[in-house]
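Welcome to the tour. Please open the structure in your viewer, and keep the selection panel ready.

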Amino acid sequence: MYAGGTQTAAAGTTYPVGDLSTAIANFFLSPDAVTGANVWTCKPSAEHPNPVVIVHGTTSNFGSAAAMMAPTLANAGYCVYGFNYGETQSTLGHIYGLGDIAQSARTMSAFVDRVLASTGAQKVDVVGGSQGGMMPNYYIKRLGGAAKVRTLIGLGPTNHGTTMNGLVDLGRSLGVLGLVNGFYHLIGSPAHTQQEEGSDFQKALFADGDTVPGVRYLTIVTSHDTTVTPLTNAYLHGGDATNVLLQDLCPDDPVSHSGMSYDGPIMQMILDELGPKVPGFKPKCTAYGPNV
């Protein structure tokens, strides 16, 4: 479903930037809307010609995932947008990213078309965390998104699936993974099983390579991630793809998987990647995200 909160653009507006507490509040109270985002009167500037589309992860929503990113990007002069996807019987009004990933990518496709029509832009930049960094690959590779996406930035994306610290492998070896997956389908979350390492979905999505010509890819991971395991599964290879381990730049940054959207150094890297993309850019190691 589309994010429903449309805000009025105002010249010189400075939007308050949220943090983890804002994200928690938005998760329950504002799952569809974030300050600074989905201003449908926004027109991209010559300096920032590409609208930015933020994509949330599994069991999250737009209001929560974009609490820090959307106002930060809007304050930097970008037109910022986001949407909810993957609605099933278990959504309960705020838990999204559960449904079939291919269908979620179709939701993204329609939303991007709406953004391009509204702004007059030729392409968008995409920033997504977890499934939100992986699902856009389906849109890019299978639904014509390569012609409409300039940059895909993934924060701890589930690109090649996860072993969940070996639990997926253990389930397969014990012959019980099918039972576990059956439970996920019963509660309306096929996306969980599709993000397992070695799933049929993962094999099909990347059978023809990781990247598509013409799209820039930046993948950022944290060594404290216990959701995407092994970390290297997040990486994309080939084409214009860059993989960054956050702790190579900020060794003391404690941020884990779910906290990456609220991390200062990561936000700095996002802003640099979208422009001006300074060679050898290194973020200031401050305002770390939470270890969650």
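Start with F111, which is buried, at a relative accessible area of 0% (buried means under 20% relative accessible area, with a 1.4 Å probe and protein chains only). A note on what you see: this is a predicted model, where local features need pLDDT of at least 70, side-chain atom pairs count only at pLDDT 80 or more, and totals for chains, interfaces and linings use all residues. Residues are numbered from 1 along each chain as its sequence is written, and side-chain values use heavy atoms, leaving out hydrogens and water.

How many aromatic pairs does the whole structure hold? The search finds 6, where rings of Phe, Tyr and Trp (its six-membered ring) pair if their centres lie within 6.5 Å; planes under 30 degrees apart count as stacked, over 60 as edge-to-face and the rest as tilted. W40 and F111 form an edge-to-face pair, 5.9 Å centre to centre with 75° between the planes. W40 lies in the loop between α1 (20-29) and β1 (52-55) and F111 in helix α4 (residues 101-119), so the pair ties together parts that are 71 residues apart in sequence. Helices (H or I, at least four residues) and strands (E, at least two) are DSSP runs, numbered from the N terminus.

Now select Y81, F83 and Y85 too: ring pairs link them with W40 and F111 into a cluster. Then show R114, whose charged end sits over the ring of W40, 4.0 Å from its centre (CZ of Arg within 6 Å of the ring centre and within 35 degrees of the ring normal).

Terms used. Buried < 20%, exposed > 50% of the residue type's maximum accessible area, 1.4 Å probe, protein only.
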